[in-house]
Amino acid sequence: MTYTDDRVTTDSGLTDRVSLLQNAMHKLGADVIRLQTQLSEIATAAPPRPQERQPSSQFIFNLSREEYRGELAALVSWVNDFLIPVYAGPVTRWCPTWWEHHEAVGRLHAVRLAYLELTDTALSGPSGPGLWHRDHLDPALERLFAPDGPFVDCLGPTGHHARGS
């Protein structure tokens, strides 16, 4: 044998070297399987939800005129696309131009801020959504539909009327 490496010249040295290589190959095989599993999990995971425009941390009436417009636009989308279809339904007595009522805007903005916080169970815990319903949504809807609430003049068969008309 012309190879000069003493570790390979003996049968036991060759056996040890082959054993080390086999162990390294098994470890690499396990790593490949682990990475393939992770890749499969990532590929089959639900796509991330599009980021909803984050509301200002300030209450809507404390915003500048420009910030107010942007926040009101986001609130209108949230109320019309989520709140009304899910919680008010098609037969509700909802004012079709609810954003013209400052009390409604203020109450609904507060409900939305609470919704964003309390429905994230990572922040609020598993009882957060229940608290949102009980402490925020239900009282706000009761007030909006109250006999002296902001929609009182808008709930008749003729639709929206400004107060006093």
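**Exercise 1. How are helix 4 and helix 6 oriented to each other: roughly parallel or roughly antiparallel?**

Before we dig in: this is a predicted model, where local features need pLDDT of at least 70, side-chain atom pairs count only at pLDDT 80 or more, and totals for chains, interfaces and linings use all residues. Residues are numbered from 1 along each chain as its sequence is written, and side-chain values use heavy atoms, with hydrogens and water left out.

*Step 1.* Helices (H or I, at least four residues) and strands (E, at least two) are DSSP runs, numbered from the N terminus. The protein has six helices and zero strands.

*Step 2.* A pair of packed helices is described by the angle between the axes and the distance between them. Axes are lines fitted to C-alpha atoms, for helices over the stretch in contact, and angles run from 0 to 180 degrees between N-to-C directions.

*Step 3.* Read off the values. Helix 4 and helix 6 (residues 128-144) pack at about 170°, with axes 9 Å apart.

*Step 4.* Classify. Angles under 35 degrees count as roughly parallel, over 145 as roughly antiparallel, 65 to 115 as roughly perpendicular and the rest as oblique. Helix 4 and helix 6 are therefore roughly antiparallel.

*Step 5.* See who touches whom, with contact meaning heavy atoms within 4.5 Å. Helix 4 brings residues including Arg107, Leu108 and Tyr115, while helix 6 brings, among them, Trp132, His136 and Arg143. By class, this contact has twelve nonpolar, two polar and three charged residues (Ala, Val, Leu, Ile, Met, Phe, Trp, Tyr, Cys and Pro count as nonpolar, Asp, Glu, Lys and Arg as charged, and the others, Gly among them, as polar).

**Exercise 2. Work out how helix 3 sits against helix 6.**

*Step 1.* The axes of helix 3 and helix 6 come within 13 Å and cross at roughly 95°. The two helices are therefore roughly perpendicular.

*Step 2.* Helix 3 makes the contact with Trp78, Phe82, Leu83 and Tyr87, and helix 6 with Trp132, His133, Leu137 and Leu141. Sorted by class, that gives seven nonpolar, one polar and no charged residues.

*Step 3.* Now look at the rings: ring pairs link Trp78, Phe82, Tyr87, Tyr115 and Trp132 into a cluster.

**Exercise 3. What kind of ring pair do Trp94 and Phe145 form?**

*Step 1.* Rings of Phe, Tyr and Trp (its six-membered ring) pair if their centres lie within 6.5 Å; planes under 30 degrees apart count as stacked, over 60 as edge-to-face and the rest as tilted. The structure holds twelve aromatic pairs.

*Step 2.* For Trp94 and Phe145, the centres are 5.9 Å apart and the planes at 70°, so this pair is edge-to-face.

*Step 3.* Trp94 lies in the loop between helix 3 and helix 4 and Phe145 in the segment after helix 6, so the pair ties together parts 51 residues apart in sequence.
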